[in-house]
Amino acid sequence: MRAFISTPVATAALCLVFATALGACASPPRPTQEMAVADAAVRRASTGSTAELAPLELQRAQDKLASAQRADARSDYESAAMLAEQAQIDAQVAQVRAEAARSRLAAQETREAARALREELNRKSTR
């Protein structure tokens, strides 16, 4: 056994095992970019009528961003990165829901205008 450990191949294998073990023990890096992207997404979603048209989704995004910031402050970077990603997705969902609501309102207004125009044309044609 002692002769095996002293061979160059065994030494290299041992170094590889130690390097792998050290890499596995290393903590994840601070999610600075993920936090910035999530913060920007929540800020973008917070403007305009998103708070009015998709309040639950926007609140969920803001809550997750706050949780990500707390996790980041206590150096729980893995949780911070995950929560930041979820906050970004929730902010995008809020924006999409708000845009869908605005589109429905615009479509409804267009239908009502078309109906009023049709009634006006019918009144003029019957005279």
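1. Arg97 makes a salt bridge with Glu57, with 3.0 Å between the closest N and O atoms (a salt bridge is a side-chain nitrogen of Lys or Arg within 4 Å of a carboxyl oxygen of Asp or Glu). Because Arg97 sits in helix α6 (residues 77-126) and Glu57 in helix α5, this pair ties together parts 40 residues apart in sequence (helices are DSSP runs of H or I, at least four residues, numbered from the N terminus). Glu57 itself is buried, at 11% relative accessibility.

2. A word on the model: it is predicted, so local features need pLDDT of at least 70 and side-chain atom pairs count only at pLDDT 80 or more, while totals for chains, interfaces and linings use all residues. Residues are numbered from 1 along each chain as its sequence is written, and side-chain values use heavy atoms, leaving out hydrogens and water.

3. Lys64 belongs to α5 and Asp90 to α6, so parts 26 residues apart in sequence are tied together. Asp90 is buried at 11% relative accessibility, whereas Lys64 is partly exposed at 23%.

4. Do look at Asp72 too: its salt bridge with Arg30 has its closest N and O atoms 2.9 Å apart. Asp72 is in α5 (residues 55-73) and Arg30 in the loop between α2 (8-25) and α3 (32-46), so the pair joins parts 42 residues apart in sequence. Asp72 is buried, with a relative accessible area of 11%.

5. For the overall tally, the structure holds eight salt bridges.

Key. Helix = DSSP H or I, 4+ residues; strand = E, 2+ residues; numbered from the N terminus. Buried < 20%, exposed > 50% of the residue type's maximum accessible area, 1.4 Å probe, protein only.
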